[in-house]
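Q: I have a sequence and a model to look at, and I would like to learn how to read them together. Could we go through the features one by one?

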Amino acid sequence: NETFSEQTDTESIMKYSPTRPSNTTDSSSMDVTTLIHHPDHVVKLNQFNFRIKALERDIAECQRSQAELSERRAFLRLQLIHAQERILSLNAEVDRVTLFTGKEIISSVIHGADQNFSVNELKTE
């Protein structure tokens, strides 16, 4: 009975073990003998393989997330540059309106197209 049990364990271990090269030596047969003394090897090997696959999935997800965050950062950087340019142009227009002595001024900064504004109206906006 023990011989049959050992053969069954050996067969299941060989079935779930990583494939060995064709030029195996006697030390590899000792590995199988050693594995027979650890009956939970197959379970632990399956757990190990499951964990490796889970880690590979996590790594792939982190790489996707990193790419998405890089795209998002580039988009936000462009928005920040546009906002800074808009602020600079508005500040320049405020300076121009402050120094202007007339009652009406033509400005394209506020609405993006040339438009007549009263100086008092622009000072409040």
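**Reading a helix and its surroundings**

A: Let us begin with helix H3 of this predicted model, in which Val42, Leu45, Ala54, Glu93 and Val97 are buried.

Q: What decides whether a residue such as Glu93 is buried or exposed?

A: The general idea is a cut-off on relative accessible area, with buried meaning under 20% and exposed meaning over 50%, while partly exposed lies in between. Glu93, which is found in helix H3, has a relative accessible area of 8% and is therefore buried. Val94, which also lies in helix H3, has 48% relative accessibility, so Val94 counts as partly exposed.

Q: Which residues is Glu93 in contact with, once its neighbours within four places in sequence are left aside?

A: Setting those neighbours aside, Glu93 is in contact with Ser107 and Val109. With Ser107 there is also a polar contact, which joins the two side chains at 2.7 Å.

Q: How far apart are Val94 and Val109, in sequence and in space?

A: Here one compares a count along the chain with a distance between C-alpha atoms: Val94 and Val109 are 15 residues apart in sequence, and their C-alpha atoms are 9.9 Å apart in space.

Q: Why does the distance between the end C-alpha atoms of H3 agree with its 59 residues?

A: The expected span is 1.5 Å times one less than the number of residues. For the 59 residues of H3 the span should be 87 Å, and because the end C-alpha atoms are 85 Å apart, the two values agree.

Q: Which residues make the nonpolar surface patch?

A: The patch is made by Phe48, Ile52 and Leu55, and its area is about 250 Å². Phe48 has its place in helix H3, which runs over residues 41-99.

Q: How many helices and strands are there in the protein, taken as a whole?

A: The protein has four helices and two strands, and if you follow the elements from the N terminus on, their order is α-α-α-β-β-α.

Q: What share of the residues in the protein is buried, and how much accessible surface does the protein have?

A: Of the 125 residues in the protein, 13% are buried. The accessible surface comes to about 10600 Å², and carbon and sulfur atoms account for 56% of that surface.

Q: What share of the contacts joins residues at least 24 apart in sequence?

A: If you take the contacts between residues at least 6 apart in sequence, 24% of them join residues at least 24 apart.

Technical notes: Residues numbered from 1 in each chain as written. Predicted model: local features only at pLDDT ≥ 70, side-chain atom pairs only at ≥ 80, totals over all residues. Heavy atoms only, no water. Patch = residues over 30% accessible without salt bridge, like charges linked within 9 Å, V, L, I, M, F, W, Y side chains within 5 Å. Areas by Shrake-Rupley, 256 points an atom, 1.4 Å probe, with all protein chains shown as cover. Salt bridge = Lys/Arg side-chain N within 4 Å of Asp/Glu carboxyl O. Buried < 20%, exposed > 50% of the residue type's maximum accessible area, 1.4 Å probe, protein only. Contact = heavy atoms within 4.5 Å. Polar contact = N/O pair within 3.5 Å; in protein donor to acceptor, adjacent residues only side chain to side chain.
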